[in-house]
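I opened the model to look up its overall build first and a few single residues after that. My entries follow in the order of the look-ups.

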Amino acid sequence: MATTGRTFSHIVGFDDCPFPRGHRGDVPIVGTVFSGLRLEGVLSGKVRRDGVNSTRELIRLAGSSRFAAHLQLVMLQGVALAGFNVIDVPRLHAELGLPVLVVARRAPRQGAMRRALLERIPGGARKWALVERLGEMEPLAGIYVQRVGLSREEAAAAIRATTPHGSVPEPLRVAHLIAGGVAMGESRGRV
């Protein structure tokens, strides 16, 4: 059970770079490290399109960075990177020793995700089990979240503290902008 009343001033947020529909192979990912609303650093790595290495890569990036000792929270833009490279959120939480907050602007279409994983993605049953293990996303502070290692109140406070404009927390919004700029030459679109 999470302790009530914690605040999180050092947060890393991760998002993937956009990629063409037919792309196979590695997809770059970007992490932004924030202290409050100040961008302190950027992390980058790669994960396999529809692969199984996202959890391992996030642990490596966050855990071995020069920011690791100060990090207090991990934010994720959805439960998967690079298509269906599903993140094992409880393992990420356990290995980093940090709470994890998964964020989405809209509630995911669980049925469509389940069908895609089970019918089209190699290893889809294992990946769907990771998604199911997290449970349904819950509405919170104008977005949808899943959380491991922090209370609903702590998650709401973290979202409010890191969202000066719009509905997406700055660590994720900025990771999205950087990822788009890296992949497309300029950033565009909403998170």
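I took helices (H or I, at least four residues) and strands (E, at least two) as DSSP runs, numbered from the N terminus. On that basis I count 6 helices and 9 strands in the protein. The radius of gyration is 15 Å, close to the 16 Å of the globule rule for 191 residues, so the protein is as compact as a globular protein of that length. That radius is taken over C-alpha atoms, and the rule is 2.2 Å times the number of residues to the power 0.38.

Notes on the source. This is a predicted model, in which local features need pLDDT of at least 70 and side-chain atom pairs count only at pLDDT 80 or more, while totals for chains, interfaces and linings use all residues. Residues are numbered from 1 along each chain as its sequence is written, and side-chain values use heavy atoms, with hydrogens and water left out.

Overall figures. I read spans of about 45 × 40 × 30 Å for the C-alpha trace along its principal axes. Of the 191 residues, 52% are buried, meaning under 20% relative accessible area, with exposed over 50% and partly exposed in between (1.4 Å probe, protein chains only). I then looked at contacts (heavy atoms within 4.5 Å). Among those between residues at least 6 apart in sequence, 63% join residues at least 24 apart.

Asp50. I found Asp50 in the loop between strand E3 (38–48) and helix H1 (54–64). Asp50 is buried, with a relative accessible area of 18%. A polar atom of the Asp50 side chain lies 2.8 Å from the backbone nitrogen of Phe84. Beyond four places in sequence, the residues that Asp50 touches include Arg24, Ala82, Gly83, Phe84 and Lys127.

Pro169. This residue sits in the loop between helix H5 (152–161) and helix H6 (170–184). Is Pro169 buried or exposed? Pro169 is buried, at a relative accessible area of 0%. I list its contacts, leaving aside neighbours within four places in sequence, as Met75, Val103, Ile143, Thr162 and Thr163. For the pair Pro169 and Val103 I noted 8.7 Å, C-alpha to C-alpha, against a separation of 66 residues in sequence.

Helix H5. I then asked which residues of H5 are buried. They are Glu154, Ala155, Ala156, Ala158 and Ile159. Their cover includes strand E4 (73–77), strand E7 (100–104), strand E8 (138–140) and strand E9 (143–148).

Conventions:
Polar contact = N/O pair within 3.5 Å; in protein donor to acceptor, adjacent residues only side chain to side chain.
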